Amino acid sequence: MKNEKIKVGETTYDIANGSCSLNNLSGYTATVAIIIGENSIEDIHRNLSGNPTIIKYSADGVEEWRSSGLVYTGKMRPDLEFPVRIDATTCSEVMDAVVIVEYRTPTIQDEIMAQRAQMTGLNGNISHLSKITGVGVEVQTSGQPTLEELKEAKRAEVNAACGQIICNGITVELFTGHEHFSLSQTDQLNLFGLQAQIASGAQEIIYHADGQSCRFYPASDIALLIEKAMFHASYHTTYANSLRSWIDSVETAEELQGIYYGADIPVEYQSDVLKAYLAQIAAMAGGENDEADT
C-alpha cells in the first residue's frame, strides 16, 4: 500500500495515511504527519512557511483537493515511530519518522478584522481625495465590528471546530490493534445501529476502520468502540456548549481573543455535565499513570 501525499510549493511529501484532516471549515486547527524521508525538518519548515497553497493526493496519486487559504502556524512535533500505513501482506502497521505540523483556517473573526483594515484604508483614501479636490465626502465606513458581531464569529468558529473534531473520530485498541474510526453523522448512525445486533446476541459484527475493508469484529470490540464514540461525541458537544457560555459572558474584544477551542474553561462557565466529564477524564488519566508506575 502506498502513502498519501501533499504538495506544498514545488515539493511533494509522503504523509501518514489518514493523518491529513485539513479542510476549509472556519477556525479549524488540524495537523498532518509528513514523512521526513530525505528532507530535513528545517527545510520542511522553511517550505511550509513560504508556500500557502497545498494540494492533497490520495495514495493512488489522485488529486483530492487544493487550498490556498490555510495558515501554517509554525508548530512542529517530530515523532520517530509513527504509523504511516498498513502493510497489505502482514496487515501490520508500518512505522516511520514523521514531523507533525499544524495548520489552521482563517476564522470569521479574521475576516471581520481584514474587512476593518480595508475600511480603514478606504477612509484614508477618501480623506486624501477630499483634501486634493476640495470636495467634502461623507461615507460611513468605520468598519469597526461590534462586540456582538465578534461574539457571533467566535461562536461560529467554535461550532465548526467542534463538528470537525467529532467527525475526525477516534483511535481504539481492538483485537486487530490500534484502529482509527471516523465519526461523521453517517458513521455515527451506522455504528450506533450495530447495537441492535449486539443486543440480539451476535458474537461477530461486520464493520470497517478508516481505509480498511469490512471485517468481522468480536461483539465486545464493537461495544467498546460504540462506548468510546458516544463519549467522544457527547464530551465535545458538552464542552462546546460551555465554551459558548463563556463567550456570552465576556465584555471586551480582548477577552474574546483569549477564547479558542481547546482552552481550559473557567469553572464558573462549566456546566455540571462538563464538570462530570472532566472528573471522569482525570480519573481515567490517573488510572493509566498508576498502571505505568507498576
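A polar contact is here a pair of N or O atoms within 3.5 Å, where, within protein, one atom must be able to donate a hydrogen and the other to accept it, and where residues adjacent in sequence count only if both atoms are side-chain atoms. This is a predicted model, in which local features need pLDDT of at least 70 and side-chain atom pairs count only at pLDDT 80 or more, while totals for chains, interfaces and linings use all residues. Residues are numbered from 1 along each chain as its sequence is written, and side-chain values use heavy atoms, with hydrogens and water left out.

N3 is found in the segment before β1, with helices (H or I, at least four residues) and strands (E, at least two) taken as DSSP runs numbered from the N terminus. N3 counts as buried because its relative accessible area is 9%; buried means under 20%, exposed over 50% and partly exposed in between, with a 1.4 Å probe and protein chains only. Contact means heavy atoms within 4.5 Å, and, leaving aside neighbours within four places in sequence, N3 is in contact with D14, I15, A16, N17, I35, S58, A59, V84 and R85.

**Overall composition**

The protein chain has eight helices and 11 strands, and 34% of its 294 residues count as buried. Of the contacts with a separation of 6 or more, 58% are accounted for by residues 24 or more positions apart. The chain exposes about 16,800 Å², of which carbon and sulfur atoms supply 52%; these accessible areas come from the Shrake-Rupley method with a 1.4 Å probe, and for residues only the protein chains shown count as cover.

Strand β6 (residues 71–86) and β7 run antiparallel and are joined by 10 bridges, where two strands pair if DSSP finds at least two bridges between them. The two strands form a hairpin with six residues between them, and C91 in the turn has a positive phi of about 60 degrees. Within this pairing, P78 stands opposite V99 in β7.

E102 lies in strand β7 (residues 93–104) and is classed as buried because its relative accessible area is 18%. The side chains of E102 and T73 are joined by a polar contact of 3.0 Å. Beyond its neighbours within four places in sequence, E102 is in contact with T29, A30, T31, V71, Y72, T73, G74 and K75.

**Helix α1**

In helix α1 (residues 41–50) the buried residues are I44, N47 and L48. These residues cover an arc of only 95 degrees around the axis, and therefore sit on the same side of α1, the arc being that of the directions from the helix axis to the C-beta atoms. An α-helix has 3.6 residues a turn, so residues three or four places apart point the same way. The buried residues of α1 pack against β1 (4–8), β2 (11–15), β3 (29–35), β6 and β7, whereas E42, R46 and G50 are exposed on the other side of α1.

S49 is also found in helix α1 and is partly exposed, with a relative accessible area of 48%. A polar atom of the S49 side chain lies 2.8 Å from the backbone oxygen of H45. The C-alpha atoms of S49 and Y72 are separated by 6.5 Å, although these residues are 23 residues apart along the chain.

**Aromatic pairs**

A search of the whole structure finds nine aromatic pairs. Rings of Phe, Tyr and Trp (its six-membered ring) pair if their centres lie within 6.5 Å, and planes under 30 degrees apart count as stacked, over 60 as edge-to-face and the rest as tilted. Two of the pairs are set out below.

| Pair | Centre to centre | Angle between planes | Class |
|---|---|---|---|
| F175 and Y217 | 6.1 Å | 85 degrees | edge-to-face |
| Y239 and Y261 | 5.0 Å | 70 degrees | edge-to-face |

F175 lies in the loop between β8 (170–174) and β9 (177–181) and Y217 in strand β11 (residues 215–218), so this pair ties together parts that are 42 residues apart in sequence. Y217 is buried, with a relative accessible area of 1%. Y239 lies in helix α6 (residues 219–249) and Y261 in the loop between α7 (253–257) and α8 (272–293), so that pair ties together parts that are 22 residues apart in sequence. Both Y239 and Y261 are buried, and ring pairs link F231, Y235, Y239, Y261 and Y277 into a cluster.
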